[in-house]
Amino acid sequence: MNLLIVDTETTGLTPADARCIEVGGILFSVDERAVLGQCSFLLPTEENPVAHINGIRAELTRCPQAARAGMEYFYAMAKQADYVVAHNAEFDRQWFGHGSLAALSQPWICTMEDVEWPRISRSRPSVMHLALAYGVPVWAAHRALTDCIYLAQVMEREPDLELLLTTALEPKRLYMAMVSYDDRQKAKDAGFRWDGEQRRWLRKMRDAQVRELAFGVREVAA
């Protein structure tokens, strides 16, 4: 099994009002626990209001570079992948199929939401917390290829990776936590996210995850 590990850096939160300015990718062999190929490239932008977060100055994206060749290699790696993997896949997936980035047709696996990493107990861990839990040195953040490398090195160290990925692909349904205001921390600790508009705690879960909860839930429409 081959995975395309993906990370993006952007000028905002959605393609409606922002642009993707960097893509990183690693083709990873699960069977060999090894990196088969990797690349990253910048996409030009006139401004980047979040440069203080991702460290990518707008003028840097406009420097001469091999962006076209990088993109071609990225999609060549994609053709060899069975699944696309990202940490917070919901965010990264939305940039493909917009602008100059073609869509990725493979199923996506989220290493933050879908995979239950045995060495970490917290729900929805950051990529840095996940890396540190697996003894991966953390030297930088917020560049696309760096975060891909962290994930690849975590996967190299996980002996039950095949089982974790198989479990991650099991279907999920959306549930609302049936907790009182005083018990809201229980929902948060269990990985539920607060929906401020409808004032409820929500999380997509597999059947086995529902059975493990210490409080009641109700299935809701996605």
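1. Arginine 200 touches Met176, Arg193, Trp194, Asp195 and Val220, leaving aside residues up to four places away in sequence; contact means heavy atoms within 4.5 Å. The model is predicted, so local features need pLDDT of at least 70 and side-chain atom pairs count only at pLDDT 80 or more, while totals for chains, interfaces and linings use all residues. Residues are numbered from 1 along each chain as its sequence is written, and side-chain values use heavy atoms, with hydrogens and water left out.

2. Arginine 200 belongs to strand β8 (residues 200-205); strands are DSSP runs of E, at least two residues, and helices are runs of H or I, at least four, numbered from the N terminus. With a relative accessible area of 16%, arginine 200 is buried (under 20%; exposed is over 50%, partly exposed in between; 1.4 Å probe, protein chains only).

3. The side chains of arginine 200 and glutamine 198 make a polar contact at 3.3 Å (a pair of N or O atoms within 3.5 Å; within protein, one must be able to donate a hydrogen and the other to accept it, and residues adjacent in sequence count only if both atoms are side-chain atoms).

4. Asparagine 2, in strand β1 (residues 2-10), is also buried, at 18% relative accessible area. Its side chain reaches the backbone oxygen of glutamine 80 at 3.1 Å. Among the residues that asparagine 2 touches are Leu27, Phe28, Gln80 and Tyr83.

5. In helix α7 (residues 161-168), Leu161, Leu164, Leu165 and Ala168 are buried. They line one face of the helix, because they fall within an arc of 95° seen down its axis, taken from the directions from the axis to the C-beta atoms. These buried residues pack against β1, β2 (20-29), β5 (108-110) and α6 (144-157).
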